[in-house]
Amino acid sequence: MDGVTVAGGVRAVARIVARDDGRGGTSLPVLEGDGPLALRRTRGSGAEARVVLVGAMSGPLGGDHFTVAADVETGARLRVGSAGATIALPGQSKSESRYDVRLSVADGGELHWLPEQLICARGSDLYVTTRVDVGAAGRLVLREEQVLGRAGEEPGRLGSRIRVSVAGRVVLDQELACGPGAPGGWDGPAGLGGHRAVGQLVVVRPEFAEAPVVARVLGENAAVVPLAGPAALVSAVAADALRLRRLLDEALGALESLDRAPHAQDRVN
């Protein structure tokens with residue numbers, strides 16, 4: 001398929017469906033992408049299928065609208081990453097660009113959604129929405145990393161909303177706006193404390209229903225909080241993308257250790 005160019009920008013959609021193949025693995029009956037959104041299957045591990053999102057063009061540019069969707073069915077395991085950072089650019093159109101992520105994980109399914117950073121270059125205006133529906137017995141690791149501007153560059157404007165439901169119940173609905181022109185005074189240094197990189201990690205595990213994660217600070221610039229369901233949220237800010245990734249990786253390691261030992265919450269520090 002090819003991306004559709006309309007007045008004001010490009011419309012492109014990528015879609016993945018992961019299904020239990022009945023032989024201890026995961027098949028991908030749907031793996032398709034438009035124009036700038038190319039999907040490639042890579043070597044998996046055990047029952048897990050792995051997919052890489054490859055940006056075939058620059059963008060999103062002003063006026064573009066990209067959508068990426070993944071559906072993980074019962075018994076399937078899927079890990080999705082990207083070949084490099086996504087860079088939002090101003091383009092010829094001065095209108096807002098959009099990047100939508102739509103994910104669903106059925107009971108008994110597992111999804112690791114681990115793309116590289118999204119960078120808002122100078123002059124860009126990007127709004128990102130991420131909506132996730134997880135079954136009661138589904139498992140999810142979702143990482144979002146956003147960077148305001150490239151090295152030595154003024155940032156673009158970023159709006160971001162993430163909404164996660166577990167068994168039909170909303171456990172997280174969070175919105176962020178920052179950069180030049182952001183509403184409510186969030187265009188200044190107070191919003192992110194002078195940091196240029198912001199990230200969140202959402203982990204859904206059925207085990208957390210019986211042994212919820214304990215809220216606490218992780219280092220100087222990150223914190224973990226339990227959500228109103230079998231889930232936890234890690235929020236972090238950092239001076240740059242490298243430090244942000246390190247914070248989120250350390251937090252994920254701590255949460256995974258709790259998953260293996262549900263009564264060892266005091267190991268998170």
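Predicted model: local features only at pLDDT ≥ 70, side-chain atom pairs only at ≥ 80, totals over all residues.

Reader: Let us begin with strands; how many bridges join strand β4 to strand β5?

Author: Helices (H or I, at least four residues) and strands (E, at least two) are DSSP runs numbered from the N terminus, and two strands pair if DSSP finds at least two bridges between them. Here strand β4 (residues 37–45) and strand β5 (residues 48–55) run antiparallel and are joined by seven bridges; one of the pairings is that of Ala38 with Val54 in β5. The two strands form a hairpin with two residues between them, and in the turn Gly46 has a positive phi of about 60°.

Reader: How should I read a nonpolar core, and which residues have the most contacts inside the largest one?

Author: In soluble globular proteins, nonpolar side chains tend to be buried together. A nonpolar core is a set of buried Ala, Val, Leu, Ile, Met, Phe, Trp, Tyr and Cys residues joined through side-chain atoms within 4.5 Å, where buried means under 20% relative accessible area, exposed means over 50%, and partly exposed is in between (1.4 Å probe, protein chains only). The largest core here has 49 residues, and Leu78, Tyr99, Leu111, Trp113 and Val202 have the most contacts inside it. Strand β2 (residues 9–20) gives the most to this core, with five residues. Apart from this core lies another of 22 residues, including Leu201, Phe208, Leu218 and Leu255.

Reader: What is Leu111 in contact with, leaving aside its neighbours within four places in sequence?

Author: Contact means heavy atoms within 4.5 Å. With those neighbours left aside, the partners of Leu111 are Val72, Leu78, Val80, Leu103, Val105, Arg139, Leu140 and Val141.

Reader: How many aromatic pairs does a search of the whole structure find, and why is the pair of Phe66 and Tyr99 given its particular label?

Author: Rings of Phe, Tyr and Trp (its six-membered ring) pair if their centres lie within 6.5 Å, and planes under 30 degrees apart count as stacked, over 60 as edge-to-face and the rest as tilted. The search finds one aromatic pair. The ring centres of Phe66 and Tyr99 are 6.0 Å apart and the planes stand at 70°, so this pair is edge-to-face. Because Phe66 lies in strand β6 (residues 65–72) and Tyr99 in strand β9 (residues 97–105), the pair ties together parts that are 33 residues apart in sequence. Phe66 counts as buried at 3% relative accessibility, and Tyr99 is buried at 8%.

Reader: Turning to charged side chains, how many salt bridges are found in the whole structure?

Author: A salt bridge is a side-chain nitrogen of Lys or Arg within 4 Å of a carboxyl oxygen of Asp or Glu, and the search finds 17 of them. One of these joins Asp71 and Arg15, at 3.4 Å from N to O. Asp71 lies in strand β6 and Arg15 in strand β2, so the pair ties together parts that are 56 residues apart in sequence. Asp71 is partly exposed at 23% relative accessibility, and Arg15 is partly exposed at 35%.

Reader: Which residues are linked with Arg139 in a network of salt bridges?

Author: The network links Arg77, Glu110, Arg139 and Glu207. Within it, Arg139 forms a salt bridge with Glu207, and the closest N and O atoms are 3.0 Å apart. Since Arg139 lies in strand β13 (residues 139–148) and Glu207 in the loop between β16 (197–204) and β17 (216–218), the pair ties together parts that are 68 residues apart in sequence. Glu207 counts as partly exposed, at 31% relative accessibility.

Reader: Is Arg169 buried or exposed, and is Arg245 buried or exposed?

Author: Arg169, in strand β15 (residues 169–178), counts as exposed at 51% relative accessibility. Arg245, in helix α1 (residues 241–260), counts as buried at 18%. Apart from neighbours within four places in sequence, Arg245 is in contact with Pro115, Glu116, Gln117, Arg143 and Glu145, whereas Arg169 is in contact with Val164 and Ala228.

Key: Residues numbered from 1 in each chain as written. Heavy atoms only, no water.
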